[in-house]
Amino acid sequence: MGEEDRVILHGMWASTYVKRVELALKIKGIPFEYVEEDLSNKSALLLKYNPVQKKVPVLVHNGKPICESLVILEYIDETWPSHGLQLLPKDPYERARVRFWAAYIQQLLESMAKLFNPDHKEAQEKALEEMYEKQRILEEGMREFFPEESPNVHPEKLGILDIMIVSTLGAFRAQEEVLGVKTLDPEKNPLLFSWVEALIQLPVVKEIIPPFEKLVSLLQFIKQNGIRF
Amino acid sequence: MAEEVKLFRTWSSGYALRIVWALKLKGIEYETIFEDLTNKSPSLLQYNPIHGKVPVLVHDGKPVCESLVILEYVDETWKHNPLLPQDPCEKSMARFWANFGDDKLMKSISQLFIAREKDQDVAAVEALENLKLVEEQLKGKKFFHGETIGYLDLAFGWFADFVSILEEIMSLKLVDGERFPHLSSWIQHFIDAPVIRDCWPPRDKMIIKFQVMREKYLAAATPK
């Protein structure tokens with residue numbers, strides 16, 4: 001790419017969606033500026049760059065905005081193909097599988113978000129069942145991807161699924177602290193659990209994981225006030 | 001080497017139609033398997049065990065699910081007559097708007113479609129706002145990507161047909177030529193375009209199907 005490559009990421013420190021993009025940029029070694037947005041008081045710049053959804057993350061590359069985390073991840077992979085490793089495989093069929101499962105992990109995140117709405121007990125239980133079911137399906141699906149018991153997590157080989165898994169499930173301990181239930185059970189989901197544990201040990205992941213106490217406070221606040229992102 | 005391409009679809013699915021168009025535009029031979037979603041075939045359940053939905057593309061025995069994922073697969077596998085733009089920025093915009101169509105636009109149109117007559121004006125507000133955004137995207141262009149049909153046209157294709165069906169069933173005008181000149185024009189061009197026009201499901205059957213669907217929703221929503 002040209003010498004005048006300017007990359008800016010508009011984000012919010014606790015957003016799962018933002019973490020995906022942060023991680024992708026760091027994995028690929030792409031220098032970027034970070035702008036923290038106050039989502040209760042969105043900047044004029046954010047609203048200009050993402051007038052349709054008014055959300056983070058927005059990646060601004062040489063003045064051009066890209067929105068939606070999965071769209072941004074693909075953009076990063078296509079724009080800087082020779083930087084570090086490829087986030088998506090080369091083979092079209094393998095790419096389709098990764099895209100399918102990335103979308104499924106996104107659905108899992110949406111189930112998890114429901115747990116933080118201050119609904120009554122019945123709704124909570126239903127949301128929990130839905131989440132466990134999706135995790136079960138994901139666990140089975142990921143077994144197909146990895147012949148061994150646990151995925152071989154190597155900092156040189158991280159891809160979109162690793163990014164989706166760690167951004168969605170990496171903060172499970174903070175979630176469990178707030179909800180008082182297991183959100184990632186090592187007995188029910190040994191593959192997912194060991195995968196997440198291996199990912200959160202990586203230095204590049206440690207750089208982006210939000211501080212535990214700060215995240216717990218935020219999740220408690222969200223749960224009590226029913227904030228939807 | 002002879003390739004085997006199969007497409008699992010239903011007669012009415014707009015999502016499946018995307019793939020029919022994509023394959024035809026690229027001149028790819030394929031076998032069609034029509035599914036009855038109230039009685040899914042073992043093959044469908046084998047190829048799409050998680051969602052059990054159509055469309056599913058099976059290429060040399062390997063299944064690909066989710067219509068937008070399938071579109072990208074088709075484009076990457078058969079590279080002639082490309083559907084997606086080459087430039088990463090334009091490609092991202094296409095993906096963004098396809099997601100918008102499937103998520104926000106479709107939800108707002110569905111909300112309108114199941115609204116009672118007295119609630120229609122309110123239900124239409126969000127749909128109209130979303131349509132304004134789509135209108136903007138079409139300014140100065142015949143199709144979403146310019147002069148030729150591409151990925152986004154196929155992604156929004158369901159709307160080109162469904163809007164007139166909704167308008168007839170509900171006796172309202174959603175996309176009028178004055179308010180939405182570019183969208184109206186796109187609809188006309190797309191509906192009649194070569195290849196596209198040969199694939200539309202029978203209109204009378206669609207009217208009946210959606211009329212029944214709307215009546216079911218209204219009946220279920222009636223307070224007892």
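Reader: Let us start with helix 3 of chain A. Which of its residues are buried?

Author: Keep in mind that this is a predicted model. Buried means under 20% relative accessible area. In helix 3 of chain A, that applies to A:S69, A:V71, A:I72, A:L73, A:E74, A:Y75, A:I76, A:D77 and A:T79. The helix runs over residues 69-79 and is mostly covered, with nine of its eleven residues buried.

Reader: What covers the buried residues of helix 3 of chain A?

Author: Look for parts in contact with them. From chain A, the cover includes helix 1 (16-27), strand 3 (58-61), strand 4 (64-67), helix 4 (92-114) and helix 6 (160-169). Chain B takes part too: its helix 4 (88-113) is included in the cover.

Reader: Now step back. How many helices and strands does chain A have?

Author: Chain A has ten helices and four strands. Read from the N terminus, the order is β-α-β-α-β-β-α-α-α-α-α-α-α-α. The radius of gyration of chain A is 18 Å, close to the 17 Å that the globule rule gives for 229 residues, so chain A is as compact as a globular protein of that length. Its C-alpha trace spans about 55 × 45 × 30 Å along the principal axes.

Reader: What share of the residues of chain A count as buried?

Author: Of its 229 residues, 53% do. Then check the contacts. Take those in chain A with a separation of 6 or more: residues 24 or more positions apart account for 69% of them.

Reader: And the surface and charges of chain A?

Author: The accessible surface is about 11,000 Å², and 52% of that belongs to carbon and sulfur atoms. Chain A carries 28 positive and 35 negative side chains. The centres of these two sets lie 4 Å apart.

Reader: Next, aromatic rings. How many aromatic pairs are there over all chains?

Author: There are 20. To read a pair, check the distance between ring centres and the angle between planes. Planes over 60 degrees apart count as edge-to-face. The rings of A:F172 and A:F193 have centres 5.6 Å apart and planes at 65°, so this pair is edge-to-face.

Reader: Where do A:F172 and A:F193 lie?

Author: A:F172 is in helix 7 (residues 172-179) of chain A, and A:F193 is in helix 8 (residues 190-201) of chain A, so the pair ties together parts that are 21 residues apart in sequence. A:F172 counts as buried at 3% relative accessibility. A:F193 is buried as well, at 17%.

Reader: Which kind of aromatic pair do B:F113 and B:F210 form?

Author: They form an edge-to-face pair, with 6.0 Å centre to centre and 85° between the planes. B:F113 belongs to helix 4 of chain B and B:F210 to helix 8 (residues 203-221) of chain B, so the pair ties together parts that are 97 residues apart in sequence. B:F113 is buried, with a relative accessible area of 4%. B:F210 is buried at 12%.

Reader: Which residues of chain B form one aromatic cluster?

Author: The cluster consists of B:W21, B:F144, B:F156, B:W186, B:F190 and B:W200.

Reader: Let us turn to a single residue. Is B:L68 buried or exposed?

Author: B:L68 is buried, because its relative accessibility is 15%. It sits in helix 3 (residues 67-77) of chain B. B:L68 then contacts B:R18, B:A98, B:N99, B:D102, B:Y151 and B:A155. B:R18 is 50 residues away along the chain, yet the two C-alpha atoms are separated by 8.4 Å.

Reader: Last, the backbone. What should I look for?

Author: Look for exceptions. Most residues other than glycine have a negative phi, and most peptide bonds are trans. Here, the bond from A:V56 to A:P57 is cis, with omega near 0°. A:P57 lies in the loop between helix 2 (44-49) and strand 3 of chain A. In chain B, a cis peptide bond joins B:V54 and B:P55. B:P55 is in the loop between helix 2 (42-47) and strand 3 (56-59) of chain B.

Reader: What is the phi of B:D60, and of B:V195?

Author: B:D60 has a positive phi of about 50°. Its place is the loop between strand 3 and strand 4 (62-65) of chain B. At 36% relative accessibility, B:D60 is partly exposed. B:V195 has a positive phi of about 75°. B:V195 lies in the loop between helix 7 (181-191) and helix 8 of chain B. Its relative accessibility is 24%, so B:V195 counts as partly exposed.

Technical notes. Residues are numbered from 1 along each chain as its sequence is written. Chains are lettered from A and ligands numbered from 1 in the order in which they are written. This is a predicted model: local features need pLDDT of at least 70, side-chain atom pairs count only at pLDDT 80 or more; totals for chains, interfaces and linings use all residues. Side-chain values use heavy atoms; hydrogens and water are left out. Helices (H or I, at least four residues) and strands (E, at least two) are DSSP runs, numbered from the N terminus. Buried means under 20% relative accessible area, exposed over 50%, partly exposed in between (1.4 Å probe, protein chains only). Contact means heavy atoms within 4.5 Å. The radius of gyration is taken over C-alpha atoms; the globule rule is 2.2 Å times the number of residues to the power 0.38. Accessible areas come from the Shrake-Rupley method with a 1.4 Å probe; for residues, only the protein chains shown count as cover. Lys and Arg count as positive and Asp and Glu as negative; His and the chain ends are not counted. The place of a charge is taken as NZ of Lys, CZ of Arg, CG of Asp or CD of Glu. Rings of Phe, Tyr and Trp (its six-membered ring) pair if their centres lie within 6.5 Å; planes under 30 degrees apart count as stacked, over 60 as edge-to-face and the rest as tilted. Lists of a residue's contacts leave out its neighbours within four places in sequence.
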